[in-house]
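Have the sequence and the structure open as you read.

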Amino acid sequence: MAKSVQFTESIRSWMDVFMHRSMRGWSLFAKSTGLSMPQFSILMQLHHKGACGMSQISERFEVTPAAASQLVDKLVQSGFIVREEDPNDR
């Protein structure tokens with residue numbers, strides 16, 4: 001049983017170091033491209049999940065629809081994404 005606890009603690013310690021280094025790397029990359037971390041996160045979501053609506057972005061990142069819209073507008077102005085109106089949405 002002690003070996004199991006020790007193994008679990010070792011894995012958690014490794015995960016902590018890995019996540020810290022990984023997030024640091026992503027943060028440095030985002031800064032080098034002029035993106036904020038929220039903008040970079042939106043790009044990652046679009047890359048992995050495809051096109052989505054502003055309400056989905058707002059919910060996913062727990063920001064107001066206005067804040068989500070501002071983040072997306074900055075990405076559009078920088079040429080990272082194209083924003084299209086949904087004909088089925090009001």
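## The second largest pocket

Helix α2 is the top contributor to the lining of the second largest pocket, giving 5 residues. Keep in mind as you look that this is a predicted model.

## How α1 meets α2

At what angle do the axes of α1 and α2 cross? Helix α1 covers residues 2–32 and helix α2 covers residues 37–49, and their axes cross at roughly 100 degrees, coming within 9 Å. Angles of 65 to 115 degrees count as roughly perpendicular, so α1 is roughly perpendicular to α2.

On the α1 side, the residues in this contact are M23, W26, S27, F29 and A30, and they meet M37, F40 and M44 from α2. The make-up of the α1 and α2 contact is 7 nonpolar residues, 1 polar and no charged ones.

## How α2 meets α4

Helix α2 also packs against α4, with the axes 10 Å apart and an angle of about 80 degrees. That angle makes α2 roughly perpendicular to α4. From α2 come P38, Q39, I42 and L43, which meet L71, V72, K74 and L75 of α4. This contact of α2 with α4 holds 6 nonpolar residues, 1 polar and 1 charged.

## L35, between α1 and α2

Is L35 buried or exposed? L35 sits in the loop between α1 and α2, and it counts as buried because its relative accessibility is 10%, with under 20% as the cut-off. Leaving out residues up to four places away in sequence, L35 touches A30, F40, L43, L75 and F80.

For a sense of distance, take L35 and E9: they are 26 residues apart in sequence, and their C-alpha atoms are 35 Å apart in space.

S69 lies in helix α4. Its relative accessibility is 19%, so S69 counts as buried, given that the limit is under 20%. Setting aside neighbours within four places in sequence, S69 is in contact with M54 and R83.

R12 belongs to helix α1. With a relative accessible area of 60%, R12 is exposed. From R12 to S41 is 29 residues in sequence and 24 Å in space, C-alpha to C-alpha.

## E62, a positive phi

Which residue other than glycine has a positive phi? Here it's E62, with a phi near 50 degrees. For background, most residues other than glycine have a negative phi.

E62 is found in the loop between α3 (54–60) and α4 (65–77). E62 counts as exposed because its relative accessibility is 74%, and the cut-off for that label is over 50%.

Methods:
Residues numbered from 1 in each chain as written. Predicted model: local features only at pLDDT ≥ 70, side-chain atom pairs only at ≥ 80, totals over all residues. Heavy atoms only, no water. Helix = DSSP H or I, 4+ residues; strand = E, 2+ residues; numbered from the N terminus. Buried < 20%, exposed > 50% of the residue type's maximum accessible area, 1.4 Å probe, protein only. Axes fitted to C-alpha atoms, helices over the stretch in contact; angles between N-to-C directions. Parallel < 35°, antiparallel > 145°, perpendicular 65-115°, else oblique. Contact = heavy atoms within 4.5 Å. Nonpolar A, V, L, I, M, F, W, Y, C, P; charged D, E, K, R; others polar.
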